[in-house]
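Please look over the structure shown here.

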Amino acid sequence: MRTPAALFASVPSALALSLALLSGEAHAQTEAWTDPDPKGQGSRYALDKFGFRAGAEYRANLLYVNPIALNSESNRRLSWIEHRLRLDVGVDYLDKVRLYASADMLDGVLWGDNGTLASGPAPNFGTNINARSPNVTTPCVGLRGPDPLNADDYGYTLCSQEQIRFRKAYGDVVLPIGLLRVGRQSANTGTGIQAADGDGRPNRFGFSRQGNLVDRVLFATKPLEAFKPKEERDTSENRGVILALAYDRWVTDSVQLFADDVQQVDVAVRFLAPRLGPARDLFLGGYYVHRWDDANSSSINSFGLKAISRFGDFHVTAEAAMNVGSTREIAQANSYISNDPVVDQRILQGGARAVVRYDKPLYTAYLEFDYASGDADPNNRTPLTQFVFAEDANVGLLLFEHVLAFQTARVAAAGTELLKRLGAPSFPSDSVYNRGAFTNAIALFPQFDIRPIRGLTLRGGALFAFAAEPVVDPVNSLLARDGLTIEDDLVNFVGGKPGRYYGTELDGRISYRYLDHFLFDFEAAVLFPGDALRNEDGYAVRSVLLQGRTTFFF
């Protein structure tokens, strides 16, 4: 089972005099799995000693999936249109003292006057035919049947949504020795396997949502430059060695206690070179993170390495990460279900992503490999080994983003309700919900792009996804355990025997970019499910996704 204390991604690549962090401009070392955005967005405009930056994006997305539930006659189809408006603003003095904020408005809000009469969220008008103005609702998985402890009684329903959500709010100051940043900021720059900034339009399929954010104090510098004569120092953001140190506060439960706080310290080192031998746009990075929580005896260490470079027409990116440590938070909560003794569980999770891309003006050949470790034993006495990618590091369109998300969300909702009734101190069952992320999987994802005319891209790919460990529903498997061993009681998320093959997904995308400020996308996917998605009768049907999207951005 995934532990919420075991996730972290590398700290941002901040450094002294770097403009790219505040402006949001992509640096040359973008990942090979990322679609580059147009340059020049977020440019600084000067007015005497003050500078200003601004960005805006509005997205409307139409989604259709049939069926979302592969194993039942209910919850067959879903379809909706959703909004999102994102506004970014920055102000600075001499480009040395800066403030930055980013907010999402109507994020995921459905088009129309939606809701249920006499319950929340309620529509604005008493009958559908009289609707005259929309309200603020979003699709979510919630209780639809009579039994809140039964995962089959959960399906898509409507929930209230915030009209405005502030994503980021922080300040920068450029000191003589480095950059200091304080406030709510992205946990990572770019799209990493453990965290993604959620900015721009980086995904080759689908789109980004909020990204991973953290409340942080960060200091970054180029330490080797201090040993050089002043006239030889390099303060650029795309060359040399960068060191970043950070302190994160993840949880403050009680302001009068310290043991229940979840805290984190981070160290990251990055080396960048526009040219080094045959390599171009070289990026080498590594990080170490320590997270602790005294109340639950949690101690987590994360390590990660990342490399990006170009070799002629080849663009290569590889990233690997590992989380190790221990915690008793998960075992303590699960003991309310299993009556097992509370123990410190070891954490051993690993993930990796590698892409080789061959770019020509008219076409691109692309090969992606993804790995995230799994956990097939929910017992307290075994380690926590399931690795989860960042939610905005998309792998495909349908399997992980929607089908597995729907299966795990229903199990998580029923499991959380059970733990609440039993009086558990925390709810690790909520982390069963993968939130659309790639997890417990080994995937091979070849793709091919054709660009017949300026602005138009035709893309196709085939995703072959295997489970790293048999796919197991930890909640219902624990409830079904009838002895000391659990192997004969394990079930997947739809009650079937745990399988090792998720299936094959065929993905396609037609993308047209106009004047570098408007983007139209049409995407389609077909999923041929494997045994990991079948119920106790061995039943799972093919699923289809259609998605259309317009994006306006400045």
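Where is Pro67 found? Pro67 sits in the loop between strand E2 (50-66) and strand E3 (78-93). The model is predicted.

## Backbone geometry

The peptide bond that joins Asn66 and Pro67 is cis. Its omega is about -10 degrees. Most peptide bonds are trans.

Most residues other than glycine have a negative phi. Leu94 has a positive phi, near 55 degrees. Leu94 belongs to the loop between E3 and strand E4 (97-105). How accessible is Leu94? Its relative accessible area is 44%, so Leu94 counts as partly exposed. Leu106 also has a positive phi, near 55 degrees. Leu106 is placed in the loop between E4 and E5. With a relative accessible area of 29%, Leu106 is partly exposed.

Strand E5 covers residues 137-143. Five of its seven residues are buried, so E5 is largely enclosed by the rest of the structure. The cut-off for buried is under 20% relative accessible area.

Strand E6 (residues 154-160) is a partner of E5. The two pair in the antiparallel sense, over seven bridges. In this pairing, Cys140 stands opposite Thr157 of E6.

## The disulfide

How many disulfides does a search of the whole structure find? The search finds one. This disulfide joins Cys140 to Cys159, with an S to S distance of 1.9 Å. A disulfide is a covalent bond between the sulfur atoms of two cysteines. The link of Cys140 and Cys159 is right-handed, with 75 degrees about the S-S bond. The pair links distant parts of the chain: Cys140 is in strand E5 and Cys159 is in strand E6, 19 residues apart.

Is Cys140 buried or exposed? Cys140 has 15% relative accessibility, so it counts as buried. Cys159 has 29% relative accessibility and counts as partly exposed.

## The largest cavity

A search of the whole structure finds four cavities of 30 Å³ or more. The largest holds about 200 Å³ of space. Which residues lie closest to the centre of the largest cavity? They are Gln386, Val432, Val472, Pro474 and Phe493, out of 21 lining residues.

The lining of the largest cavity can also be split by class. It has 12 nonpolar residues, six polar residues and three charged residues.

## The second largest cavity

The second largest cavity has a volume of about 100 Å³. Its lining is made up of 13 residues. Arg201, Gly206, Phe207, Ser208 and Arg549 lie nearest its centre. Which elements give two or more residues to this lining? They are strand E20 (518-529) and strand E21 (543-553).

By class, the lining of the second largest cavity has three nonpolar, five polar and five charged residues.

How values were computed:
Residues are numbered from 1 along each chain as its sequence is written. This is a predicted model: local features need pLDDT of at least 70, side-chain atom pairs count only at pLDDT 80 or more; totals for chains, interfaces and linings use all residues. Side-chain values use heavy atoms; hydrogens and water are left out. On a 1 Å grid over the protein atoms alone, a cavity is a set of points where a 1.4 Å probe fits but cannot get out, and a pocket is an open set with protein on both sides within 12 Å along at least five of seven lines; lining residues have an atom within 4 Å of a point. Grid points are joined across faces, edges and corners, and a volume is the space filled by probe spheres set on the points. Ala, Val, Leu, Ile, Met, Phe, Trp, Tyr, Cys and Pro count as nonpolar, Asp, Glu, Lys and Arg as charged, and the others, Gly among them, as polar. Helices (H or I, at least four residues) and strands (E, at least two) are DSSP runs, numbered from the N terminus. Buried means under 20% relative accessible area, exposed over 50%, partly exposed in between (1.4 Å probe, protein chains only). Two strands pair if DSSP finds at least two bridges between them. A disulfide is a pair of cysteine sulfur atoms within 2.5 Å.
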